[in-house]
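User: Please take a close look at one helix of this protein and walk me through its surroundings.

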Amino acid sequence: MHVYIYDDYLNKSKYNRAINKLEIRLTDLGLNGKIIRLGGIKNIRGTIQHEIKLGAKTIVAVGNNQTVNKIIGAIIDTEIYSDFQKKTLLGLIPIGDDNSIAASFGIKNVDEACNILLARRIEKIDLGLVGQYYFLNHASIQSLGTQIAIDDYTLEISERGEVKIINLLSDTKEKIKSNPHDGKLDVLIKTRKKDESIITVKKLTITNPQEKLIVDDVVEINTPVEVGIMKDKVSVIVGKNRLFE
């Protein structure tokens, strides 16, 4: 059974046409399912976990990166802590802006997303963990004043730029081949002098009292905070043009 989670911003009239097109296409493909609109729902996690316990096999995030961020924790925590231990799949239907996660999975628009759901090509990938928050793509922070602690050494950055902790690439322009199956994170350090450094780790601690760590371009987290990886933790329905093998 498919459960479609519509983000609350889709209630705006400018998205009516896209939603109508989506629902017609899903009906044509026989992919009908239950629709849950997040507007007005206070306990999002509880609502999604209830559907999983009722037998939902595929939870589909209809929206953007923020929608996925709202949903992923509910799916993972249900699998870890409940007695049901269901192998719930995550599907994505991108509508609007800020859809780099969908792009990583080779999903560019509504039509592609529906066809990809039907084809049901499944990849089990790693999941980043920042404190109690999960991320699929990356976490980032401004580099000046940032300290990166790895095992028994600490790196402090004294130049402006960006530190990006990557699990899954969202941009083909990056000069890095990140592998979301290897149980490791790639730390990419870029400075204004155009210097680049790449470190591959399983765990690190980020500290910067002046800046926040931003998770999947959605959630801002105070530091210091530990960042780690959970290997092969989430099963996602992906397209053949995904940005990873």
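Analyst: Buried means under 20% relative accessible area, exposed over 50%, and partly exposed in between, using a 1.4 Å probe and protein chains only. This is a predicted model: local features need pLDDT of at least 70, side-chain atom pairs count only at pLDDT 80 or more, and totals for chains, interfaces and linings use all residues. Residues are numbered from 1 along each chain as its sequence is written, and side-chain values use heavy atoms, with hydrogens and water left out.

The helix is α5, residues 110-119. Helices here are DSSP runs of H or I, at least four residues; strands are runs of E, at least two; both are numbered from the N terminus. Buried in α5 are Val 110, Ala 113, Cys 114, Ile 116 and Leu 117. Down the axis of α5, these buried residues fall within an arc of 165°, so they line one face of the helix. That arc is taken from the directions from the helix axis to the C-beta atoms. An α-helix has 3.6 residues a turn, so residues three or four places apart point the same way.

What covers this face? The cover of the buried residues includes β1 (2-6), α1 (16-28), β3 (58-63), β4 (89-94) and β16 (225-237). Contact means heavy atoms within 4.5 Å.

Now the ends. Asn 109 caps the N-terminal end of α5, with a side-chain oxygen 3.3 Å from the backbone nitrogen of Asp 111. After α5 comes Arg 120, whose phi is positive, near 55°.

Asp 97 counts as exposed because its relative accessibility is 63%.

Technical notes: A polar contact is a pair of N or O atoms within 3.5 Å; within protein, one must be able to donate a hydrogen and the other to accept it, and residues adjacent in sequence count only if both atoms are side-chain atoms.
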